[in-house]
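Biologist: I'd like to learn how to read the contacts, domains and sheets in a model like this one. Could you walk me through them?

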Amino acid sequence: MSIRMPIAEVYRTSSVDDALAFLAEHPGARPLAGGTDLLVELRTRWGGPLVGKPGGAQGADGGGGADLSPASLLDISGLPELRDIRADGRKLVIGACARVAEVASSPQVAAAAPTLAQAAGSVGSVQIRNRATLGGNIMNASPAADSLPALAVHEAVCVLRSQRGGERRLRLGELVTGPYCTCARPDELLVAVELEGGSGWRQSYMRLGRRQAMTIARLIVAVLMRFEGSTVADVRISAGAAFPSPRRIEPAERALLGAPFSRAAAREAGEAAAEEMVRVCGIRWSTRYKQPVLAALVERAVRQCAAKEGLDEWPE
Amino acid sequence: MARVTLTVNDRQVTLDVHPGERLVDTLRDRLGLTGTKEGCGVGECGACTVVVDGDAVNSCLVLTVQCDGAAILTVEGLAPAGQLSRLQRAFLEHGAVQCGFCTPGMLMSATALLARNPRPTREEIRAALAGNLCRCTGYEQIVQAVEAVANEAE
């Protein structure tokens, strides 16, 4: 059945400057890159996600509050200047329109941030990864977005640009303010993400879903650890599908930082992470599952980092 | 309306398209290439998979206006003179087709894989087909068919 998406206009831009000029003139326009979230959202808004109903403009919510006006889109997917992935000294700079498949297979990403490569490789399916972009994964701001915990432990800085305000650099946790919310202004475009790379980190990324592919994550954990001898010299822990917005879980990090690594400390870090999730989110329908499972995942990820350093056996 | 030029199965076509027109609809309704199927319409099932510039994509999640200048391969392009491709014959030999609805998408995902990696491992085949659902659950025969072609590669 033929479906016409509720789209009034797709402006195909040829440069970032041209894109910014378009956004400045069309404050309601939305950037379109891979479309794997945006086009699903537009279709859902129009008539339900699973069955195309011509004329059935009432969504599952009965149409109340749904914005049914056709969208104006700015197609940035063809901008080569936004697709670059490059190492800049110790920094890794990834263009906002780098495709998730490119992030997953990039040697630079594998070298500086293997957690991010793994996160990118677990997004959707091959077909989704071939279209979806890292910038889109950030700006869609799903609490279960696969890349966000990996970006959070690498202290990602998001580079926004607008015609009026020039460049604005925000930490990931500042840009993403809540589920599906960012503080980007309507005329701003995310152009790049910068990661602190650096060697010496032991890294772990774990993702639980109901199946391996094509599933929204139930929980994600990303951990970076640096050891001096057996002492935990530095540690960064983040989790996805556990908090409203990306963040590092400081109480869990405190359980490990500056002390010799031990399995007891790993367990304590896991429990601290789970307590922090409950403190921030309250008791939800999923808490009975997520609290013990987040604790176990953080413990296991920390032990994986220690095992890579030769300080623990590989946790099964 | 926007004018786009596509190369579909080695044939160049120029069309005026509505900005909200999806690639799957252009292929099926305007070019008559109904081999590409639409299942879920939201990128979950892979039935609408086609190969765009070498990449397997869900044609239900691509706007045709985004494909200006692109080379698109659909299942019809696998057998241009009515001669089945090696992969298609392997599907028949291994009983990898049951109801057939997922078959074009499976073929296109596997074709994109084999073009890039002519000798994939079983794990690589499974990963490449993870975005294609088969409601008849005939996955084993499908993987075997792709494996058979991979094992013949130089």
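**Reading the model, piece by piece**

Modeller: Let's begin with the chain contact, which takes 30 residues from chain A and 27 residues from chain B. Two residues are in contact if their C-beta atoms, placed from the backbone, lie within 7 Å. This is a predicted model, where local features need pLDDT of at least 70, side-chain atom pairs count only at pLDDT 80 or more, and totals for chains, interfaces and linings use all residues. Residues are numbered from 1 along each chain as its sequence is written, while chains are lettered from A and ligands numbered from 1 in the order in which they are written.

Biologist: Which elements of chain A each supply at least two residues of the side that touches chain B?

Modeller: Elements are DSSP runs, numbered from the N terminus: helices are H or I with at least four residues, strands E with at least two. On the side of chain A that touches chain B, β1 (7–12), α2 (38–47) and α6 (126–131) of chain A each supply at least two residues. By class, that side of chain A has 14 nonpolar, 10 polar and 6 charged residues. Here Ala, Val, Leu, Ile, Met, Phe, Trp, Tyr, Cys and Pro count as nonpolar, Asp, Glu, Lys and Arg as charged, and the others, Gly among them, as polar.

Biologist: What domains does the assignment give for chain A?

Modeller: Domain bounds come from an automatic or database domain assignment. For chain A it gives domain 1 (7–57 + 67–75), domain 2 (80–196) and domain 3 (202–308). The C-alpha centres of domain 2 and domain 3 of chain A are 21 Å apart, and 23 residues of domain 2 of chain A are in contact with 23 residues of domain 3 of chain A. On the domain 2 side of that contact, α8(A) provides the largest share, 6 residues. That side of domain 2 of chain A has 14 nonpolar, 8 polar and 1 charged residues.

Biologist: How do I read a pair of helices, and at what angle do α11(A) and α12(A) cross?

Modeller: Axes are lines fitted to C-alpha atoms, for helices over the stretch in contact, and angles run from 0 to 180 degrees between N-to-C directions. The axes of α11 (residues 263–281) and α12 (residues 287–308) of chain A come within 8 Å and cross at roughly 145°. Among the residues making this contact are Ala266(A) and Met277(A) of α11(A), with Leu294(A) and Val302(A) of α12(A).

Biologist: And the sheets? In what order do the strands of the chain A sheet with β11, β12 and β13 run?

Modeller: Two strands pair if DSSP finds at least two bridges between them. In chain A, 3 strands form an open antiparallel sheet in the order β11-β12-β13. Its edge strands are β11 (202–208) and β13 (231–240) of chain A. Strand β12 (residues 219–228) of chain A is joined to β13(A) by 9 bridges, and Met225(A) stands opposite Val235(A) in β13(A). Helix α12(A) lies across β11, β12 and β13 of chain A, at about 35° to β12(A).

Biologist: Which strands stand at the edges of the chain B sheet?

Modeller: That open sheet has 5 strands in the order β2-β1-β5-β3-β4 (chain B), with mixed pairing. β2 (11–17) and β4 (55–58) of chain B stand at its edges with a single partner strand each, so one side of each is left without a neighbour in the sheet. Strand β1 (residues 2–8) of chain B pairs with β2(B) in the antiparallel sense over 7 bridges, and the bridge partner of Thr7(B) in β2(B) is Gln12(B).
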